[in-house]
Amino acid sequence: MGAKIIFYLIAGLMILFSILSVSTTRVIRAAVYLLFVMILMAGFYFFVGYNFLAGVQLMVYSGGIAVLIVIAVLLVHNIDHRMERIPVVEYLWKGGVLLAGAILTILTINQFPFQRIAGTEDVSVSRIGTKLLSLGDGGYVLPFEVISILLLAVMVAAIIIAKGEVYKNEEK
Amino acid sequence: MYDFTGMIQGINNWLHSVMPDMAATVVGWVLIGAIYLAIFAVLGLVLVLAERKIAAFFQLRLGPNRIGPWGIFQTVADAIKLLLKEPVGTKRADSFLYNLAPYFVIIGALMSISVLPFAKGLQAFDIDIGLFFMLAMSSIGVMGILLGGWASNNKYALLGAMRSGAQMISYELSVGLSLLTVILMAGSLQMSEIVEAQRDYWFIFKGHIPAVIAFMIFTIAGTAETNRTPFDLTEAESELGAGFHTEYSGLKFAFFFLSEFVNMFIISAIAATVFLGGWMPLHFGGLEGFNHVMDYIPPVIWFLGKVAFMIFLLMWFRWTFPRLRIDQLMKLEWKYLLPLNLMNILLMAFVVLMGWYLGS
């Protein structure tokens, strides 16, 4: 009973803030509503006992991505700036399409026979850490390393793109 | 010897025996919340007074000395004044975000305090990602400063907020990595287990050279995280007025002010828990008699004593060093602390792998 109330409370707030986030005319408020959605998502993970993912959600999405979006908005937007308001007709048909998509997804998910796999209930940090760096069966060391190299390449590329003109000028 | 687990369990059982389960759970939550809010308020009062007294000590003054003996009720009077003050805001501010921003900062600080172990069993939320949770919460506090600075619609506030964003995001790396260095020895992120792992030696002794380096990096980066001098570019009085909280007054200003001091307590408490043994008394493996004598001092005293030492250190920094320029600040983090930190982690991993720490 208590669990159901909490679930519907979080879910309802998430839907509310998602709608606010796409319907507001101020970009910074949209970013703040998005932050609320991400924090509530972390709340969901805490609720199902998946603490590590909740921590990552808070740190990466709420503390990292949302802060970056806000900094970007801070740099380019004046406080009096407003985005143009979307006509009600567009709201209606886009909302209808989204609702149809949501209903289709829910129906499909309900049809699929999900099964509980034994031995996946333990989600402690030490288990995640061991699995992430283990070479044996069910270890994730290769994807982990590949992703870190990919991220390094992305960082270098981003710096080159951002500083490209400066380097060209220096060569002259 | 001083184990509070039984006491807390007893209170919980008593609550469940006098009322239905649901009500008992809710009453438990409310009690814990009230206790932590009280801790929060008392911390604010004590730390502000301590700051003023220590500043006076370093500047050869007396400090507050009018209200109560040695001026110890000065901050109580200040708090009453702040509560009764008329809230003054800017007309063209974004009122929703302007009013929301202080709550981000204060809720972030309050959530961080909940995972701190004050003694064995005296901990509200012993989650298995304890330390990680604290870091995540501190990154949410940045949001309040950014939004507050922007929503005030004031040039100085915006400048302060931008500086603070750049500074806190950069120094979060150093805080995280220096803690990670010590976590290598503990093998757990849970606060109670980190303390338990220091039963024989505190980590700063156990990890000798790399642990001492990590402690120094953490102290520097922690000072920067709390926006205190020599890293107080965010609210540099002489250039920005008061930085991000220029336009705040009354209770909302008090929220920013209070959370700044509580953040200092949190950083000191993390340092005390991770490096200096938390509530664990001063133990040396093998010296049974000595350890036994040390056990007689209550763990809460040990914890608060270590935190007080760290807070004194941070205040000493504040009243000794001049403020850094923004380029010096960035250079210190990205060119010195970060590479040093990464090398230090490697060194620590090697030490742990070879078993070259004390008591191995």
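Me: Where does A:L68 sit?
Reply: In this predicted model, A:L68 is part of helix α3 of chain A, which covers residues 51–76.

Me: Buried or exposed?
Reply: A:L68 counts as exposed, because its relative accessible area is 55% and the cut-off for that class is over 50%.

Me: And how far is A:L68 from A:A42 in space?
Reply: C-alpha to C-alpha, the two are 18 Å apart, with a sequence separation of 26 residues.

Me: Switching to cavities. How many of 30 Å³ or more are there?
Reply: The count is 2.

Me: What's the volume of the largest cavity?
Reply: The largest cavity holds about 330 Å³ of space.

Me: Which residues lie nearest its centre?
Reply: Those are B:S138, B:M168, B:E225, B:T226 and B:N263, out of a lining of 25 residues. The elements giving two or more residues to that lining are α4 (95–113), α5 (130–151), α6 (155–186) and α11 (250–274), each in chain B.

Me: How does the lining of the largest cavity divide by class?
Reply: There are 14 nonpolar, 8 polar and 3 charged residues in it.

Me: OK, what about the second largest cavity, what volume?
Reply: Its volume is about 60 Å³.

Me: Which residues line the second largest cavity?
Reply: From chain A you have A:R26, A:V27, A:I28, A:V73, A:H77, A:N78, A:I79, A:H81 and A:R82, and from chain B there are B:D94 and B:W150. By class, that lining splits into 5 nonpolar, 3 polar and 3 charged.

Me: Now the surface. Which residues make the nonpolar patch?
Reply: The patch is made by B:I67, B:W70, B:I72, B:F73, B:V76, B:I80, B:L83, B:L84 and B:L251, and its area is about 920 Å².

Me: Which helix gives the largest share of the patch?
Reply: Helix α3 of chain B, residues 74–84, with 4 residues. B:V76 lies in that helix.

Me: Last one: where is B:G33 found?
Reply: B:G33 belongs to helix α2 of chain B, residues 21–58. With 30% relative accessibility, B:G33 is partly exposed too.

Me: And what separates B:G33 from B:L110?
Reply: Along the chain, 77 residues; between their C-alpha atoms, 9.5 Å.

Technical notes. Residues are numbered from 1 along each chain as its sequence is written. Chains are lettered from A and ligands numbered from 1 in the order in which they are written. This is a predicted model: local features need pLDDT of at least 70, side-chain atom pairs count only at pLDDT 80 or more; totals for chains, interfaces and linings use all residues. Side-chain values use heavy atoms; hydrogens and water are left out. On a 1 Å grid over the protein atoms alone, a cavity is a set of points where a 1.4 Å probe fits but cannot get out, and a pocket is an open set with protein on both sides within 12 Å along at least five of seven lines; lining residues have an atom within 4 Å of a point. Grid points are joined across faces, edges and corners, and a volume is the space filled by probe spheres set on the points. Ala, Val, Leu, Ile, Met, Phe, Trp, Tyr, Cys and Pro count as nonpolar, Asp, Glu, Lys and Arg as charged, and the others, Gly among them, as polar. Patches are made of residues with over 30% relative accessible area and no salt bridge: like charges are joined within 9 Å, nonpolar side chains (Val, Leu, Ile, Met, Phe, Trp, Tyr) within 5 Å. Accessible areas come from the Shrake-Rupley method with a 1.4 Å probe; for residues, only the protein chains shown count as cover. A salt bridge is a side-chain nitrogen of Lys or Arg within 4 Å of a carboxyl oxygen of Asp or Glu. Buried means under 20% relative accessible area, exposed over 50%, partly exposed in between (1.4 Å probe, protein chains only).
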